[in-house]
Structures are given as structure tokens and as C-alpha cells.
Amino acid sequence: MVVHLLCALLTGFYIYLSPPGTDLFSWHPVCMAVAFSLLSLQAILIFSPLSSLTPSSPRADKVQLHWIFQSFSLLALLAGASAVYLNKEIHGKKHFTTWHGRFGLATFAGFLLAFLGGVLANYSVRFRNLVKPIKLKMYHATLGMLVFFLAMSTLYLATHSNFFTNRIKTPWISRAVGLAPIVLGICIARQVTKSYLPRVLTPRESEIDSRNKRIEEKIKTKLERKNVNQRGL
């Protein structure tokens, strides 16, 4: 529950720092915080046996909620990216001149790839002739984890931007806000590597394989009984 509290506090802080609607740029930090430190985080944590808000829900329901959270996260990401892009165009400023901007661009591209990977993973059975469903899900989980950590690094770099430093003058607040996304990134990396990936990497028998195995065992048992009866005669 500490992770949920931390993500809520971090998102609330950026809403307080940049009230949405005060100007065009104000939508950028708010939308990005909502996209990653709130929606995307919850979309990943929903599969955690310890941190999920719906631990007893069937996996199919969790997958559906994951899709919903990530879809809204994508919308928030597009809104936040559009806000900062248009703001720079209006003021005649160059794009991606800081590490925060470059990491943000990498996060944007990575999220789109991870989202596409999620679509493919959801319909992985249709592509089993090209790649095994287990591997496709593993690639999606790994890429999603890396993109989330990249997003948290971008949020950390935001604390060194002019926008942030001009508004926050208290050192301990700056350090706390900078440390929070790193903690969230580590928590997600730990959850994915120790909770989700092991289940994906564990081979599972399909229903057809399991049924064929049961049939073979029954046939083998009947043959053994038949041999025993013949010997008795």
C-alpha cells in the first residue's frame, strides 16, 4: 500500500505545482504525472499478488483493467506531449535540448512500442507460428518495465528543470520529489522480475497437450492390465 500512497502523493504534488488550465504548459507536467506515476503504475501493479488493488480478481479481469489503465495512460501521454510541443512552437523555442526532453522523447517512443507489444501479446495465439506466445509476453513485460523506469528517470530529471527550480526553493522537497519516481521505478522492476516474468517463463501445458497426456496414460494402464490378465491365463 506504500507504493499506492507514494504514487498518489507524487501525482497530487504535480497537480498542485502546476494547476491544469493556468496556461498551455501547465497541462504537460500534470498529464505526464497522471500517465506514468498513476495510471501506468496501477496498470502494472494490478498483476502483483502483494500490491494489486484487486488481488482476488480473475486474471482475465486484470488483463482488461490493464488495457483500460494503459489506454488512458496513452491519452494522457499524447495530451502532455502535445502541450509541451505546442508551447515551445508558440514561444519559438527548440525541442529536446535538455536531458529531460531527450529522456521524455525516448519514453514516448518506448511507450508506443510497448503498447503495440501489448496488443500483439494479447493476441499472441494468432502469431504462434512466428513467435511463441510465452516469448512474446516476456518481451512485452520486459519492454514495459524498461519504459516505466525510463519514465521515472524523466520525472527525476524534471526536478532539475527551470520550471521546477523556479517554483520549489526548499532543498528537501526537491530531493524528496526527485527520489519518489526512482523508488517507484525500482518497485515496479522488482515486481515484474520476481512476480510476472517467472510465471511467463514457466512452461505450461496447453489443454490439448494435457488431454492427450491423460489419454495416453489411460491407454497405457489398459495395456498393462491386459498383459497382466493374459499372464494370469
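UniProt positions are given here in the numbering used for this chain, with shortened feature names, and the annotations may be inferred rather than shown by experiment. With that in mind, the unreviewed UniProt entry puts "transmembrane region" at residues 27-47, 67-86, 106-125, 137-158 and 170-189. You're looking at a predicted model, where local features need pLDDT of at least 70 and side-chain atom pairs count only at pLDDT 80 or more, while totals for chains, interfaces and linings use all residues. Residues are numbered from 1 along each chain as its sequence is written, and side-chain values use heavy atoms, leaving out hydrogens and water.

**Two of the annotated spans**
- Residues 27-47 are 90% helix and 0% strand, with end C-alpha atoms 30 Å apart (helices are DSSP runs of H or I, at least four residues; strands are runs of E, at least two; both are numbered from the N terminus).
- For residues 106-125, the end C-alpha atoms also lie 30 Å apart, and the span is 85% helix and 0% strand.

**The core**
- The largest nonpolar core holds 34 residues, and Tyr-14, Phe-36 and Leu-41 have the most contacts inside it (a core is a set of buried Ala, Val, Leu, Ile, Met, Phe, Trp, Tyr and Cys residues joined through side-chain atoms within 4.5 Å).
- At least two residues of this core come from each of α1 (2-17), α2 (27-45), α3, α4 (99-122), α5 (133-158), α6 (162-165) and α7 (171-201).
- The top contributor is α5, with eight residues.
- Setting aside neighbours within four places in sequence, Phe-36 is in contact (heavy atoms within 4.5 Å) with Leu-41, Leu-77, Thr-107, Phe-111, Phe-148, Ala-151 and Met-152.

**Leu-157**
- Leu-157 sits in helix α5, and beyond neighbours within four places in sequence it contacts Trp-99, His-100 and Phe-103.
- Its C-alpha is 7.6 Å from that of Gly-178, 21 residues away along the chain.

- Leu-24, Trp-27, Tyr-85, Leu-86 and Ile-90 make up a nonpolar surface patch with about 510 Å² of accessible area together (Shrake-Rupley, 1.4 Å probe, with only the protein chains shown counting as cover for residues).
- Patch residues have over 30% relative accessible area and no salt bridge; nonpolar side chains (Val, Leu, Ile, Met, Phe, Trp, Tyr) are joined within 5 Å, and like charges within 9 Å.
- A salt bridge is a side-chain nitrogen of Lys or Arg within 4 Å of a carboxyl oxygen of Asp or Glu.
- Helix α3 (residues 59-91) gives the most to the patch, with three residues.
- Leu-86, in α3, counts as partly exposed because its relative accessibility is 45% (buried is under 20%, exposed over 50%, partly exposed in between; 1.4 Å probe, protein chains only).
- Asn-87, also in α3, counts as buried at 14%, and touches Leu-24 and Phe-25, not counting residues up to four places away in sequence.
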